[in-house]
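Thank you all for coming; I would like to take a few minutes to walk through the fold of one chain. Please have a look at the picture first, and then we will go through its elements.

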Amino acid sequence: FMGSHAYRGHEERQMGFRSILAEDFPELEIIGLAEISDDRERSYAETLRFLDQGPLAGIYNIGSGNQGIARALRERHCERRTVFIGHDLTDATRLMLLDRTMDAVIDQNPRVEAREIIRLLASSVKGSREEEYLPRLQVVFRENTALPLSYPGTGDGLAVGWRRSRRRREECPEAFLKKLSSGKDDELLHRKLLKVLRKAWA
């Protein structure tokens, strides 16, 4: 799924995705591409259309519209069978990770990006030159995201699940807990991502 072919960033994500699949995962076949204009209703309708053609190993959403995809997967009771990967960690995608509708979210922290842009613009106005940094990408899974107990609109079941999860984490060794909480341990993330990808063709 992609927002629009007119978005250069979406085109680059699509090309990178196709390249990785062709090189490292030739067993997986892309059965179609849907342009959804970052609209959740269109993503919902397109997901149902693909599901009507048969079981899906996975869905990769390049842009917005994750909530529509999640709604369709839940309605067809295949949210646990279909790997669902998207972009941008928001309140909505965080909840989808926690209830296992989504398997992974690729996040690049737009707040940090905005701060870097303002910093570069300010230095340009002053006539100085600042060092530029590439956006920091992070792959977020259910295991390295968190939801405050006071988050509005969550049901008792989710809150209880988070309390239990928190207790389990408190029992972990301090070093391992730090890895899970920060999401900065590349080896841990790579192993989890590999597990998600294996699920796609298992």
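What we have here is a predicted model, in which local features need pLDDT of at least 70 and side-chain atom pairs count only at pLDDT 80 or more, while totals for chains, interfaces and linings use all residues. Residues are numbered from 1 along each chain as its sequence is written, and side-chain values use heavy atoms, with hydrogens and water left out.

On that basis the chain has eight helices and four strands, which follow one another from the N terminus as α-α-β-α-β-α-β-α-β-α-α-α.

The four strands form an open sheet of mixed pairing, in the order β1-β2-β3-β4, where two strands count as paired if DSSP finds at least two bridges between them. At its edges lie β1 (58-60) and β4 (138-140), each of which pairs on one side only. Strand β3, residues 104-107, runs antiparallel to β4 and is joined to β4 by three bridges, and D107 has Q138 of β4 as its bridge partner.

Helix α3, residues 66-75, packs on this sheet and touches β1 and β2 (83-87), with its direction at about 165° to that of β2. Helix α4, residues 91-98, packs on the sheet as well, touching β2, β3 and β4, and its direction makes about 150° with that of β3. Contact here means heavy atoms within 4.5 Å, and the angles, which run from 0 to 180 degrees, are taken between N-to-C directions of axes fitted to C-alpha atoms, for helices over the stretch in contact.

How values were computed: Helix = DSSP H or I, 4+ residues; strand = E, 2+ residues; numbered from the N terminus.
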